[in-house]
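Here are my notes on the structure you sent. Please read them with the sequence and the model open side by side.

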Amino acid sequence: AVRSTRDHADRPIVVADVLRVVTVNRRNLERKFARLLGHSIHDEIRTARIDRVKKLLLETDLSLEQIAHASG
């Protein structure tokens, strides 16, 4: 679930998109995230997007509009 979230940070993904690639239901996924990572799946999606924005700002000459589009 974490890998999928990070791999798809270039798209506007939501929790339902992550659920399509894992074999647990939403409640179990939320519990596992809270127990193992200390935050929610939604927080992980937001963090992945922010990390992608940071990387694009540092490593490219893209405009802010292009970065916003490329970060979901």
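**Notes on the model**

1. Start at the beginning of α3, where Asn 25 caps the N-terminal end of the helix. A side-chain oxygen of Asn 25 lies 3.2 Å from the backbone nitrogen of Arg 27. Keep in mind throughout that this is a predicted model.

2. After α3 comes Gly 38, which has a positive phi, near 80 degrees.

3. Now step back to the whole chain. The protein chain has 5 helices and 0 strands, and its elements run α-α-α-α-α from the N terminus on. Along the principal axes, its C-alpha atoms fill a box of roughly 40 × 20 × 15 Å. Of the 72 residues, 22% count as buried. The accessible surface comes to about 5200 Å², with 52% of it belonging to carbon and sulfur atoms.

4. Helix α4 covers residues 41–59. Its 19 residues should span 27 Å at 1.5 Å a residue, and its end C-alpha atoms are 27 Å apart, so the two values agree. The buried residues in α4 are Ile 41, Glu 44, Ile 45, Ala 48 and Leu 56. Because they cover an arc of only 105 degrees around the axis, they are on the same side of α4. An α-helix has 3.6 residues a turn, so residues three or four places apart point the same way. The buried residues of α4 pack against α1 (2–7), α2, α3 and α5 (64–70).

5. Is Glu 44 buried or exposed, going by its relative accessible area? The value is 3%, and the cut-off for buried is under 20%, so Glu 44 counts as buried. Its side chain makes a polar contact with the side chain of Arg 6, at 2.9 Å. Not counting residues up to four places away in sequence, Glu 44 touches Val 2, Thr 5, Arg 6, Phe 33, Leu 37 and His 39.

6. Which residues make up the largest nonpolar core? There are 7 in all: Ile 13, Val 15, Val 18, Leu 29, Phe 33, Ile 41 and Ile 45. The elements that give two or more residues to this core are α2, α3 and α4. In soluble globular proteins, nonpolar side chains tend to be buried together.

7. Phe 33 belongs to that core. Leaving out residues up to four places away in sequence, Phe 33 touches Ala 1, Val 2, Gly 38, His 39, Ser 40, Ile 41 and Glu 44.

8. Compare two residues with higher accessibility. Ile 50 is in helix α4 and, at 43% relative accessibility, counts as partly exposed. The C-alpha atoms of Ile 50 and Leu 29 are 22 Å apart, and the two residues are 21 residues apart along the chain. Thr 23 sits in the loop between α2 (15–19) and α3 (26–37). With a relative accessible area of 84%, Thr 23 is exposed, the cut-off being over 50%. Thr 23 and Ala 1 are 22 residues apart along the chain, with their C-alpha atoms separated by 9.7 Å.

Note on methods
Residues are numbered from 1 along each chain as its sequence is written. This is a predicted model: local features need pLDDT of at least 70, side-chain atom pairs count only at pLDDT 80 or more; totals for chains, interfaces and linings use all residues. Side-chain values use heavy atoms; hydrogens and water are left out. Helices (H or I, at least four residues) and strands (E, at least two) are DSSP runs, numbered from the N terminus. Buried means under 20% relative accessible area, exposed over 50%, partly exposed in between (1.4 Å probe, protein chains only). The expected span of a helix is 1.5 Å times one less than its number of residues. The arc is that of the directions from the helix axis to the C-beta atoms. Contact means heavy atoms within 4.5 Å. A polar contact is a pair of N or O atoms within 3.5 Å; within protein, one must be able to donate a hydrogen and the other to accept it, and residues adjacent in sequence count only if both atoms are side-chain atoms. Accessible areas come from the Shrake-Rupley method with a 1.4 Å probe; for residues, only the protein chains shown count as cover. A nonpolar core is a set of buried Ala, Val, Leu, Ile, Met, Phe, Trp, Tyr and Cys residues joined through side-chain atoms within 4.5 Å.
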